[in-house]
Amino acid sequence: MKGFLIFKHALTMVLRNWKQAIMLGALPVGIIVAAAVLLLRSHMDSFVATGLNEFEFASQGSGAGAAFFLVWIISVACMLWVMVNWHRYVILEEYPSGWVPPFHADRILGYLGRILLLALVMIVVLIPVGIGAAVFAAIAPPLAVVFMAVAYIAVIILMYRLVVIMPAAAIGKPIGLKDALEATRGANLDIAVLLVTLFLANFAVQIVGGLIVFLVPVVGIVALVVCGFIFALTGVSVLTTFYGHYIEGRPIG
């Protein structure tokens with residue numbers, strides 16, 4: 001039940017503070033859109049004509065690779081900018097004072113470092129999982145499928161137990177992986193419920209949004225963009241809620 005409450009709290013946080021969300025996200029998102037239009041405009045016709053995905057097309061050369069890579073770098077930087085400021089707004093009550101959100105370069109770099117650290121942890125954890133799957137596949141292939149499913153869920157739950165290090169980095173109060181695991185002890189079931197809730201909510205939005213796009217294309221596209229932003233920020237709010245609840249002991253409902 002707590003997993004559902006975490007999702008509800010995170011979503012409510014975004015909806016209740018929509019003005020601050022717009023103020024923190026408008027400029028970074030605008031920069032992403034402007035960068036995509038300016039840098040990729042000359043490549044879009046040939047990109048659509050090839051039918052390749054962006055990675056395949058970028059590998060073809062002709063400057064497309066550099067343009068796509070630069071847009072990707074700008075997008076990552078801008079999204080980290082939003083995420084760090086949202087954490088600081090919710091946890092530290094650092095209200096936006098205008099349409100140009102503060103750019104905490106040191107906190108953004110620290111946040112990026114925690115993301116890379118978690119990616120490294122996932123790789124290390126997945127190595128024995130891959131070995132185990134290979135062993136099961138050689139002995140009893142059906143068991144390999146079951147093993148991989150269970151292992152995948154376990155790894156995702158582990159990652160969610162560690163994500164509290166990200167908001168901690170954003171507000172300048174870093175904590176280690178060991179401290180994160182200790183603080184989130186006993187949260188496995190809560191995280192499993194949260195994952196199911198996130199999946200069902202996203203599925204419902206996609207179905208409804210797709211139906212609206214089919215019936216009223218322009219309205220549907222706008223609705224999907226708005227819902228996409230809300231859900232992206234809700235995901236960040238989930239991390240914030242994790243930190244507030246498991247590290248600072250704040251109630252969630």
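A residue is regarded as exposed when its relative accessible area is over 50%. In the predicted model described here, phenylalanine 199 has a relative accessible area of 56% and is therefore exposed. This residue is found in helix 10, which spans residues 188–215. Phenylalanine 199 also contributes to a nonpolar surface patch of about 610 Å², the other members of which are Val196, Leu200, Phe203, Ile207 and Val208.

Aromatic pairing was examined next. A pair of aromatic rings is described by the distance of the centres and the angle of the planes. With ring centres required to lie within 6.5 Å, the count comes to eight aromatic pairs. In one of these, the ring centres of tyrosine 89 and tyrosine 95 are 5.0 Å apart and the planes stand at 90°, so the arrangement is edge-to-face; the cut-off for this class is an angle over 60 degrees.

Arginine 88 is located in helix 5, comprising residues 64–92. Its relative accessible area is 11%, so arginine 88 is classed as buried, the limit for that class being under 20%. The side chain of arginine 88 makes a polar contact of 3.4 Å with the side chain of histidine 104. When residues up to four places away in sequence are not counted, arginine 88 touches Glu93, Glu94, His104, Arg107, Ala170 and Ile171.

Leucine 162 belongs to helix 7, which covers residues 141–162. With a relative accessibility of 2%, leucine 162 counts as buried. Its contacts, again without residues up to four places away in sequence, are with Leu118, Val121, Leu177, Ala180 and Leu181. Isoleucine 175 is 13 residues from leucine 162 along the chain, and the C-alpha atoms of the two are separated by 10.0 Å.

Note on methods. Residues are numbered from 1 along each chain as its sequence is written. This is a predicted model: local features need pLDDT of at least 70, side-chain atom pairs count only at pLDDT 80 or more; totals for chains, interfaces and linings use all residues. Side-chain values use heavy atoms; hydrogens and water are left out. Rings of Phe, Tyr and Trp (its six-membered ring) pair if their centres lie within 6.5 Å; planes under 30 degrees apart count as stacked, over 60 as edge-to-face and the rest as tilted. Helices (H or I, at least four residues) and strands (E, at least two) are DSSP runs, numbered from the N terminus. Buried means under 20% relative accessible area, exposed over 50%, partly exposed in between (1.4 Å probe, protein chains only). A polar contact is a pair of N or O atoms within 3.5 Å; within protein, one must be able to donate a hydrogen and the other to accept it, and residues adjacent in sequence count only if both atoms are side-chain atoms. Contact means heavy atoms within 4.5 Å. Patches are made of residues with over 30% relative accessible area and no salt bridge: like charges are joined within 9 Å, nonpolar side chains (Val, Leu, Ile, Met, Phe, Trp, Tyr) within 5 Å. Accessible areas come from the Shrake-Rupley method with a 1.4 Å probe; for residues, only the protein chains shown count as cover. A salt bridge is a side-chain nitrogen of Lys or Arg within 4 Å of a carboxyl oxygen of Asp or Glu.
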